[in-house]
Structures are given as C-alpha cells and as structure tokens.
Amino acid sequence: MHTSRDMIGYGRTPPRADWPGGARIAVQIVLNYEEGAENCILHGDAASEAFLSEIVGAAPWPGMRHMNMESLYEYGSRAGFWRLWRLFTERAVPVTVFGVATALARNPEVVSAMKEADWEIASHGLKWVDHRDMSRAEEGAQMDAAIRLHAAVTGAPPQGWYTGRSSANTLELGLERGFAYLADSYADDLPYWLHGQASTGLVVPYTLDANDMRFATAQGFNTGEHFFTYLRDTFDALYAEGATAPKMMSVGLHCRLVGRPGRIAAVSRFLDHVAAHEGVWLARRIDIARHWAERHPAPTLRPSTMSASQFLTRFGDIFEDTPEIALAAWQAGLTAREDTAEGLHAALVQSLRNQPADNQRALVLAHPELAGRLAQAGGLTDASTAEQSSAGLGALTPEQLAQFERLNAAYRDRFGLPFVMAIKGRSREEILAAFEDRLRNDAEQELAEALRQIERIAWLRLKDRLPAGA
C-alpha cells in the first residue's frame, strides 16, 4: 500500500509530451464494458447493484433481484454497445475498452466486434464490484483471476488495468503485475511514473469529470447538450494550453448511459468538434503508454534523488508502521553513499538510534506477535505477512499455534512487549528456541535485543529493494 501522497507532480514545468506529428493534444476515448459483471444474486453476490444507472440514489437489495436495475444494465450490452460501436467504427475512431472479465465472458459477440475494430481491450477487473473492503490477498487473487479469464476470452492478457471501484492496495498490486499502464488515478493531465515499494510503473490518468457517469449522479449532466458542452470546453482549454505544453484528454463512456439515443448525439457532436481542429492525436491508451515509455522513460530513482513522498512510498514500511523514522533519515539528508542497501541501512539505523527511548519502545510495540491473532485475521502489513509465511508460521497445526500463543503470552507478561525477531529464512524450531532463550533476559537486555532484531529486519527488507554496495 502506498504510504504517502505526491502533491507536487510536474509542478510549473510539465514535460513536453512530444505527441506524434507535433499534436497539441492527445484525445483518448474509453468505453467501459461492465454489463453482466455488476452485483446480482444470480452471479453469487449478496445483493443487487446500486451504482451508475438511471436509478439515481438506488440502494442494494440484499438477497433479492432488482429487475429494473438488471434490465438497465442489459440495455448497455443489448443496444447501447452497438450504437456506440457503429458510431466509432464509421468514423474510424480508436477506442480503449475497460472490460470487466466476467462481462466480456458473457458476450462473445461483443468481444468479437471490439477485436474486429482493433480496439484495445484493457482489464476492468474480474467483477464490477467494490474492492475497498477486500484484503490485499483477496484483491490480488481476483486480479490474477481477471487476467486469466481476460486472456481466455480475448486471446491475450490485458496490457492496461483500471479497477475503478478500487482500494488502497490497487495501484501497488498493479505495479507488481507489470502492466504497461495503470489508470486508477485522476491526478494529472499527462501520464506519469509511479514508484512503488519494489517496482515502478506508468500511470495514464483517467477522468471522472469528462465522463458520462455524471448522467447518473446528483448535480450531473441532465441532457446530452450539457455533456457536449463540458467535453467541448475541456478540449478547448487543453488545446489552447497545448500550444506550449501539450496535454492529454480522456473521455469516459458507458454503454448503458451514453448509449441511450437521447445522449449519443453529444458524443457525435464532440467528435465533429475534435475533427475540426488540426494537431489532434486520437489514440488508444496503450498507444499513449507506449509513446510515453519511449519518449519519457522511467527515471532511475535513487534514495538520494527521491522526494519525501517517493522515499516514504518505497521505504516507509522498513520500520513496522512507523514511517516517521524513515522520514527523519530522509530529512537528515541522503547522499550517493545511501543509494545502496548497506548505505541506506546505516542511515536508517542511525535515525532509529537517534529516537527518544519512548519512540524506540513504541516501535517495538508496533510489531505484531509471531503467529498471533493479527496474523490469523490477515491484518499484518504486507512485509510482515511475507516474513511470517517464509518461516512457515502461516500454516501451523492447532498444537503448534497453541505453543506460539503460550510463548507469546509468557513473553508479553514478562516484558510488556511483543516478541520481535528477524525470522526471514529461519525455521520454526529456531524461532521457538530463541523464544525460550530470550525469556531468560532481563527487561533492559530484551528491549536492546528487540531493537537489534528490528535493525536486522530493516536490513532484510532493504536488500530486496536496493543494490548491494561494491
């Protein structure tokens, strides 16, 4: 999960996009294909859908079918899609589809038409449902299932990803899977590189304002004319800026919304307006991503060149749930010698040792118990989950779990702390022996040992993310 925010971006000097042919603006049309993947008890969901339909303010119906909602979504696949497909194919407009895998699987004819038109089919997840309450592991498993089903249905895995109803883990999960681009961001008018904890990936930002979803929200677009006016004004502003700083415009569409006859004319008029201007690049998102990666490749970020936001995103979890210690190291100033695992570890350890005693004790308290209740409930940080699993603590028998619970309780009663140990690469037997041995320490010895173990944990985490020194 990203631990910080980047409020600065490109600032006052955005890069020159260098769009093909010297275009002043890149215009990208997204068609969201979600029909058949929405919440429906027929699909095993707990309730009916309540999002983005003609029924503004709809609520889920637990355990019941909502026939009006179902038929509104069905309109999108039965009629709306084909109305939009004819419009875009007749004008040879390139399109990117955000396709939900289970929706695509339910309509092979639609998939065939997308491929016939040479539209890019990016992934919009496995199902069109909320992901905010999913565990990281569950969301990752659904992402992997979506990729497999997408490949089976379309003939190739997706190169782009947009969840939409996303979680705090979505972008990091996407980075780990190496997509050509991610779209779960609305943060800029240009693509940008996102630096995660262990990898870097391209974000091609999407839009929620130049988007027909506002037909289905309070104080949204009431008529097609409102939608056209907003699209036109957005285009005109970006086109004017593009004289000196070329930009990108995304347009978001949904089959069941703008595919209605009373709204489709707005899209047609907007395409007429775009066609009346020179210096416009109509492109699929994958084309924009490829262009950006070629002309503006990912910078090789080193700790000494990172902003505070970038540094905390990559290294804020080195000390468990205590990013302020990593931030203090960054604020003290990093040089080229901190661009290796050894160098940065030394700086982070010094930052830890400079902390007041109360802060050091709080850091120890922030660590989870080994095979404790938090681990059993799936509530650990990603790093701690991986480390405990590597030592076999994620698959204990009831007897082994009871043994850990007994030792955790004895340790907690004696020291008032969780037992902290750098367990990566250690066996269960070694961990249990360390438990028994350290219970013989006094409180001062054990606090010092816990801090040494935390320094070791930091080293093991760092050496997977940075090159070793010469």
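Is Ile55 buried, exposed or partly exposed? Ile55 counts as partly exposed, because its relative accessibility is 28%; buried means under 20% relative accessible area, exposed over 50%, and partly exposed in between (1.4 Å probe, protein chains only).

This is a predicted model, in which local features need pLDDT of at least 70, side-chain atom pairs count only at pLDDT 80 or more, and totals for chains, interfaces and linings use all residues. Residues are numbered from 1 along each chain as its sequence is written, and side-chain values use heavy atoms, with hydrogens and water left out.

**View 1. Ile55 in its loop.** Ile55 sits in the loop that runs between strand E1 (25-33) and helix H1 (67-90). Helices (H or I, at least four residues) and strands (E, at least two) are DSSP runs, numbered from the N terminus. Beyond its neighbours within four places in sequence, Ile55 has contacts with His66, Asn68, Met69 and Leu72; contact means heavy atoms within 4.5 Å. Thr217 is 162 residues away along the chain, yet its C-alpha atom is 9.3 Å from that of Ile55.

**View 2. Arg302 and Asp339.** A salt bridge pairs Arg302 with Asp339, with 3.3 Å between the closest N and O atoms. The two residues are 37 residues apart and link distant parts of the chain. Arg302 belongs to the loop between helix H8 (285-295) and helix H9 (308-315). Asp339 belongs to the loop between helix H10 (323-331) and helix H11 (341-353). Salt bridge here means a side-chain nitrogen of Lys or Arg within 4 Å of a carboxyl oxygen of Asp or Glu. Arg302 has a relative accessible area of 39%, so it is partly exposed. Asp339 has 11%, so it is buried.

**View 3. Glu294 and Arg295.** Glu294 forms a salt bridge with Arg295. Their closest N and O atoms are 3.9 Å apart. Glu294 counts as exposed because its relative accessibility is 59%. Arg295 is partly exposed, at 41% relative accessible area.

**View 4. Arg337 and Glu338.** The salt bridge between Glu338 and Arg337 has its closest N and O atoms 3.1 Å apart. Glu338 counts as buried, at 7% relative accessibility. Arg337 is exposed, with a relative accessible area of 62%.

View 5. In the whole structure, the search finds 27 salt bridges.
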